[in-house]
Amino acid sequence: MRPPPPRAVRPGSRPARAVALAALAAVALPSPAAANGVFPSADQLVFDPADPARAVARMTYGLLATRDGGASWRWICERAVGYDDTAGQSPPIAAVAGGRVLAALADGIAVGAEGGCAWARAAELAGREVIDLSVRQGDPSHVVAVAAGTRHGLWASRDGGASWTSAGAPLPAGFVARTVDVAPSDPRRVYVSGLASEGGSVKGVLARSADGGETWQTAAVPGSTTSREPYIAGVDPRDADVLYVRIASAPGRVFVSTDGGAAFAPVFTTEGFVRAFAISPDGATVAVGSDVDGVFRAPSSTLAFERVSSVAPRCFAWTDSGLYACASEFLDGFTIGRSLDGGATFEPLLQQGCIRGPLECAASTAVGAACPADWPRIARMTGHRDCTPDAGSPAAGSGTSAVATGATGATGATGATGGGAAAASGGGQASAAGAGGAPDASSGGAPPSGGARQGEAGCGCRTGGAEEGRAAVAAACLAAAAAARRRSRRSRRAGVIARGVLG
């Protein structure tokens, strides 16, 4: 697709932009501006393993689906999936074989079919709290989930979530799971992060199994507690012994284990939260995103990270088509973007005002029955507008692909190939991100299969009225100003990245 040219994002420009946005906020009118009390945003992105043009994003107000490589997006309401938008739930999601989408809920697994129109519950897990799920990279029919109970336990599906069986032995007594992942190179290697009581205190722990959950071993994750919970960030697609764990706190930290989770070494530290993590499809490159310090990239062979962008990602997904990121639209110019140079620059794929409306489904389906009535509220919240390009819009230009910059002079990654995709989210699922580096920036990179058609591309928008989305802008402005001030102060401090033993 060819999105319109966004404003350049430079490290030093955030404070000025935040001041301007805050001034606009002062005149905004009150209206439903937030989803579940949270500013509307995306925090997970998954791709159909059989069709890279089809993807689903988890939003703070439901799901968004694209069937054309990001040229257009349609909304799936939370009610259709089966959870309550007033409860602040953010269910981990996964795209699996057969074009299905799975969502881990407090009372089971929701299975979406018919392109996301029809939703039903997995009978075997009905009534159980499903904490997280993970699809094995390279085999989208193999899914694992971890569910609560008297003792937390592993469940597995070999048919893309259509049926489930309890897998192996329960997790150790007292273990409270947070994330689960299955190694791409070894389907019997399963990792679960969580909390456990040891010696009278609660610590962050990784449980690991080499036999599909029949037996478990545990090891402490350094520096993790109830307020600093460990989340699996990713498993190397080539080596089941190599995995990454992030700590959900600020300052954020990432650890690596090269011995199957028996021991960990710190490799990255940031002032803010580590919100995003991805491994390239070929396993050669690792990307980390901080909500304060931006995007960092390193060869997996050295883990010597360099800052490549000031964009503050909330999630990553790395496929053969590029590195995708969720971001703050009012700071970074997009809600979902794609990078063809390993995170140095991003082209916008989703701006929330341009959502087309509810997913088009028959009235007899869950989405067709529930979502149209809820759409007016979402349209007001996102500032819905007519984004159809016309002759004068930026999207109708010469064909030059515009990108949102934010690079700090680092060179882009070269294009290795590979398969698979995944996202590390800010909570819930943190699944192994696939392989292959981004295409070389100089080549321009081909868009995903089924990319934007002329007349659909981007968001060269005409606003739908002065009051539409004003409160959404207000909320964003205030958040942007606060975030920008934090980033401005912290970016002046050295030592963003720390290698060695934590103090």
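Reader: What makes the link of Cys-77 and Cys-371 left-handed?

Author: The angle about the S-S bond of Cys-77 and Cys-371 is -80°, and with that value the link is left-handed. This is a predicted model, in which local features need pLDDT of at least 70 and side-chain atom pairs count only at pLDDT 80 or more, whereas totals for chains, interfaces and linings use all residues. Residues are numbered from 1 along each chain as its sequence is written, and side-chain values use heavy atoms, with hydrogens and water left out.

Reader: Why are Cys-77 and Cys-371 called a disulfide?

Author: The term is given to a pair of cysteine sulfur atoms within 2.5 Å, and the sulfur atoms of Cys-77 and Cys-371 are 2.2 Å apart, so the pair meets the definition. The pair links distant parts of the chain, 294 residues apart, with Cys-77 in the loop between strand 4 (74–76) and helix 2 (78–81) and Cys-371 in helix 4 (residues 366–382); helices (H or I, at least four residues) and strands (E, at least two) are DSSP runs, numbered from the N terminus.

Reader: Why do Cys-77 and Cys-371 count as buried or exposed?

Author: Buried means under 20% relative accessible area, exposed over 50%, and partly exposed in between, for a 1.4 Å probe and protein chains only. Cys-77 has a relative accessible area of 1% and is therefore buried, and Cys-371, at 0%, counts as buried as well.

Reader: What makes the disulfide of Cys-354 and Cys-387 left-handed?

Author: The torsion about the S-S bond of Cys-354 and Cys-387 is about -80°, and therefore this disulfide is left-handed. Cys-354 lies in the loop between strand 28 and helix 4, and Cys-387 in the loop between helix 4 and strand 29 (423–424), so that the pair ties together parts 33 residues apart in sequence. With a relative accessible area of 11%, Cys-354 is buried, and Cys-387, at 9%, counts as buried too.

Reader: How many disulfides does a search of the whole structure find?

Author: The search finds four disulfides.
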